[in-house]
Amino acid sequence: MDVAMVNDNNLSKIATNNGHGENSPYFDGWKAYDTNPFHLQHNPNGVIQMGLAENQLCFDLIQEWIEANPSASICTPQGAFDFKEKAIFQDYHGLPEFRTAIANFMSQVRGNRVTFDPTRIVMSGGATGAHETVAFCLANPGEALLVPTPYYPGFDRDLRWRTGVKLLPVVCESSNNFNITQEALETAYEKAKLDNIKVKGLLITNPSNPLGTHFDKETLKDLVTFINDKNIHLICDEIYAGTVTAGDEFVSIAEIIEEEPECNRDLIHIVYSLSKDMGFPGFRVGIVYSYNDHVVSIARKMSSFGLVSTQTQHMLASMLSDNMFVVNFISESRIRLAHRHDMFTRGLAQVGIGSLESNAGLFFWMDLRRFLKEPTFESEMTFWRIIINEIKLNVSPGQSFHCSEPGWFRVCFANMDDETTMIALRRIKTFVLKNKMLEVKIKTQKQCWQNNQHLKLSSRRLDEILTPHRMSPHSPLAWMSPHSPLASPLVRAQN
Amino acid sequence: MLSAKITCNSHGQDSSYFIGWEAYEKNPYDEIKNPNGIIQMGLAENQLSFDLLESWLQNNPQPAAFKNHNDQSIFKELALFQDYHGLPAFKNALVRFMSDIRGNTVTFNPNNLVLTAGATSANETLMFCLANPGDAFLIPTPYYPGFDRDLKWRTGAEIVPIQCSSLNGFRITKSALEEAYKQAEKQNLKVKGILVTNPSNPLGTSLSLHELDLLVNFISTKNIHLISDEIYSGTVFNSPSFISIMDVLKNRNLVNTEIAKRVHIVYSLSKDLGLPGFRIGAIYSNDELVVSGATKMSSFGLISSQTQYLLSEILSDNKFTKMYLSENRRRLKERHEMLVQGLQKSGIRCLQSNAGLFCWVDMRHLLSSKTFEGEIELWKKIVYEVGLNISPGSSCHCSEPGWFRVCFANMSEEILVLAMQRVITFVESTVKKNSQSRHQQLLNRNASRRTKSLPKWVFELSFQRELIATDER
């Protein structure tokens, strides 16, 4: 008998299928970066990582706090007397001071417009663990959750892999800035019905990854109406809540249900984490906050599979109950994110690259449709490999986010310093300007207002990569198109 | 509206194991504030050697303060580190530690180690990797109550018990293995493997070479997996010395064979180092598919990088770990003897054991009836009247009523002494009560019956009364 087959037969289906999702192109870029990572001194020609949604802008503030508060590190002399107590504490309710501090932080991030009950705070192994736990609680194998596209690729693994739950897309389009429409929701719901799949809930990420936008009150209220009508759950992933640069504008689902007394609270669940707002993905702090008592109780039992280390709970309890620090951190973080976001958008606009208007997240949704040879996902892939191998930037192609339209890319901007940011921008500018000999082919399509301009990069070097379809490089339309992204409403208004 | 998992009971938290915990929570012993409260003896924790860790921390303040050997802060690097392959320095130190525990007779490859948030997560993850919903794992009884949740709840796997008996000290036998396998087949369950805890919880014994050989032969014949949960491996305080499943594979020249690929170890620092709050678990497997799958799954429960770093520093200090392991063992041995002798004074015997943080105690003779109802009745008395939270054997799926797990390493010496006193008082009064009521029954019977020989229990009771009387001198 074949050895490999014996092995496969001996393992579970879950262990041997592709449910972990790591064969998606989202991870290919990571791999390319790993083999040739950029370093200012040691490898200045390496690949710059712009595919990682990390927040590295405020570590100096945290550093300062850590130095000034040594007892938060329980094993320093100041905190040593706490050591034994914390080391043996494995109660899945978590340290009371930790839960209180997290509830307080969540409230501060939302400008104290809502408060959170510490007894509803349930720990999990990062937001990754939180999502899986919520899926286990709300859906049986074979049942489904609706998710608006484009969405974070990790959901395919987190919500489906070991749970057997399905994810069904709610298609959002660039024609209306990827907003969720009632039509799209109903279409997705009806399709599931036709396919005999039971829909148990709707999962939204607010602010959105990868769009970097957040939902307005109206939309959230419409969503609440929709899920109440269908009697399905609403899972709100709010892990980017603190990254909304105009803080007052963010509306949490927690605020909505205060204003909608008819909403069945048993249907509302929030997923949170400190990985994005604070930049602590290594500490694995995931939170499930449910308004459904039964879910809180069971999720808490499930949290045994991914509790937060008490060493970490203790440190964060100290840090996040320091209100002065928290308020200052949240506001400073917003300022720095806004500044970095601006830097990038401006730099890209200078070479005619636009992005979806946004004011949240650690990335923006870049519009590179005009660089595709054809409006296909194959073209998107081809161009993406150029970005990695030629421009040497790891960005994430829209198809890995299940985007319905090719040509969109997610570009992260908060995981590098200013200098690297400048280098990344320079590389993009250089690439675009070097390939000035462009061909333009404009197609107008009646139903679509959006930009269908095709710019073909036809320099000699690229001939080898691209297919033979070419337009005249001398077309006067190359730089004079009325559809130039500089005029597009999608780009942030320039002063 | 909610999933079936929410509404079922497979999380196992209605079992007496957890009820005892709850009773303790409501009325916990405190020397000053609540001297009549319940003493916790149901928690398999190792609190005996914290002073050793604390002094290490005082002498090495940098790791916990996010500093490296050059006193530079590495906070940012740690805060961002979420690679599921784990901190290399930590894995290297951990495999070295595991090897030290086994007297360096085997070595472990850090690339075959997968880090998880505690052994709870490790066991569940292995189930997800090895069993499909409806598949079964065979587990020797009595076993850790948490397995019902960890192995079955979200995975849909089943557990079929390998019944072990007090007649041979609860050792695993070939016929018990065969019988369990047959039972699974009868229930139409596909057996994917066996899971053993070595040293055993709740028995406190380490598996003999004979048992380990039996297991290897069995998994070889049946072509199934073997999971060896070795989280108590560092608590072996008496001979016979610990034999790891890896030792057996090595000695039988089975390393690098297909059989070796089906052997997986679960480890944790919750028992050996007494750090359950830090959530440090690991899976070790020789099968790269299992390592690869489990690594990806570990995303659902990674170890905090802050904790990985601290432990990598502690475990890399080889002088410290050697000293810790030997001193810890010495203290456990001492404490174990205290409990065994303390119970002996009350005429209560323990299963002879050489490891663990607990004893497997024989209270069959104190049962009012040799049934599980009798066991629960006795257990309730012990919890609520005597004020000791111990774990009834039925919660560990023991096939015979009357056995209890009693922990000895999670309290101070003074409290253990107090607990033993309470036991003596209780047994004395029970014996008195039983003999009074039975004496009364005897009196009420036919006179002619008095000429027949008295039942054995009368002599047992009087023997115990004599024991107590003797010891009190």
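Author: Two strands pair if DSSP finds at least two bridges between them. Helices (H or I, at least four residues) and strands (E, at least two) are DSSP runs, numbered from the N terminus. This is a predicted model, where local features need pLDDT of at least 70, side-chain atom pairs count only at pLDDT 80 or more, and totals for chains, interfaces and linings use all residues. Residues are numbered from 1 along each chain as its sequence is written, chains are lettered from A and ligands numbered from 1 in the order in which they are written, and side-chain values use heavy atoms, with hydrogens and water left out.

Reader: What is the strand order of the open sheet in chain A?

Author: The sheet has seven strands, with mixed pairing. Its edge strands are β2 (121–125) and β4 (166–170), and each pairs on one side only. The order in chain A is β2-β8-β7-β6-β5-β3-β4.

Reader: In β7(A), which residue is the bridge partner of A:Ile235?

Author: Strands β6 (residues 233–237) and β7 (residues 268–273) of chain A run parallel. Four bridges join them. In β7(A), the partner of A:Ile235 is A:His269.

Reader: At about what angle to β5(A) does helix α10 of chain A run?

Author: Helix α10 covers residues 217–230 of chain A. It lies across β3 (144–148), β5 (199–205), β6 and β7 of chain A. Its angle to β5(A) is about 170°.

Reader: Where in chain A does A:Pro210 lie?

Author: A cis peptide bond joins A:Asn209 and A:Pro210. Its omega is about 15°. A:Pro210 lies in the loop between β5 and α10 of chain A.

Reader: And where in chain B does B:Pro202 lie?

Author: The bond from B:Asn201 to B:Pro202 is cis, with omega near 20°. B:Pro202 lies in a loop of chain B, between β5 (191–197) and α9 (209–222).

Reader: About how much area is buried between chain B and chain A?

Author: Contact means heavy atoms within 4.5 Å, and 71 residues of chain B are in contact with 74 residues of chain A. Buried area is the accessible area (1.4 Å probe) that two parts lose on being put together, summed over both. Carbon and sulfur atoms give 60% of it here. The area is about 6600 Å².

Reader: How many salt bridges are there between chain B and chain A?

Author: A salt bridge is a side-chain nitrogen of Lys or Arg within 4 Å of a carboxyl oxygen of Asp or Glu. B:Lys67 and A:Glu67 meet in one (3.9 Å, N to O). Between the two chains, the count is three.

Reader: Which helix gives the largest share of the side of chain B that touches chain A?

Author: Several helices of chain B each supply at least two residues of that side, among them α3 (50–59), α6 (118–130) and α13 (305–316). The largest share is seven residues, and it comes from α6(B).

Reader: How many residues apart in sequence are the parts tied together by A:Glu255 and A:Arg113?

Author: These residues form a salt bridge, with the closest N and O atoms 3.2 Å apart. A:Glu255 lies in helix α11 (residues 253–259) of chain A, and A:Arg113 in the loop between α6 (96–109) and β2 of chain A. So the pair ties together parts whose separation in sequence is 142 residues.

Methods
Axes are lines fitted to C-alpha atoms, for helices over the stretch in contact, and angles run from 0 to 180 degrees between N-to-C directions.
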